[in-house]
Amino acid sequence: MNNQPENQNQLKIQVRPEIAEGRYSNIAMIGHTPSDFLIDFIFAAPGPQQAQVVSRVIMNPENAKKLLLALGDNVKKYETQFGEIKLNNQNFGGPIGNN
C-alpha cells in the first residue's frame, strides 16, 4: 500500500513515439497576433536556399511568457554547468538587431 497521498492535480504527460524522436531546428521564426504567438521551428540545410518548417507551435500570450521565463531559467542552468553560450554575428541570415 502506498503511504503517500495521491495528488489528483498532477498532470500525467504522454509522448507518442513519433513525437519523442524530436525534430532538429536551426532557425525559429516568431510572430504574434493580439491573442496568439506562433513559433515556426525550421531546418535549413547547407546548400539550397530552401528551408523546411519542421514544427509549428501556437500558444496564448500568457503561456508564451511562461515559455520565455522557463527557457531563460534553463539557459542559465546550462551555462552554469557547461559555460557561456557564445553567439555569432548572424541571426537568421543577418546581423543581430537588424531584423
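## An exposed tyrosine

Let's start with Tyr24, which counts as exposed at 58% relative accessibility. Here, exposed means over 50% relative accessible area, buried means under 20%, and partly exposed is in between (1.4 Å probe, protein chains only).

A quick heads-up: this is a predicted model, where local features need pLDDT of at least 70 and side-chain atom pairs count only at pLDDT 80 or more, while totals for chains, interfaces and linings use all residues. Residues are numbered from 1 along each chain as its sequence is written, and side-chain values use heavy atoms, with hydrogens and water left out.

## Two aromatic pairs

The structure has two aromatic pairs. Rings of Phe, Tyr and Trp (its six-membered ring) pair if their centres lie within 6.5 Å; planes under 30 degrees apart are stacked, over 60 edge-to-face, and the rest tilted. Tyr24 and Phe43 pair edge-to-face, at 5.9 Å centre to centre with 70 degrees between the planes. Tyr24 sits in the loop between helix H1 (17-20) and strand E1 (27-32), and Phe43 in strand E2 (residues 37-44), so the pair ties together parts 19 residues apart in sequence. Helices (H or I, at least four residues) and strands (E, at least two) are DSSP runs, numbered from the N terminus. Phe43 is partly exposed, at 32%.

The ring centres of Tyr78 and Phe82 are 4.8 Å apart with planes at 45 degrees, so this pair is tilted. Both residues lie in helix H2 (residues 61-82), four residues apart, about one turn of the helix.

## A buried aspartate

Over in strand E2 we find Asp40, buried with a relative accessible area of 11%.
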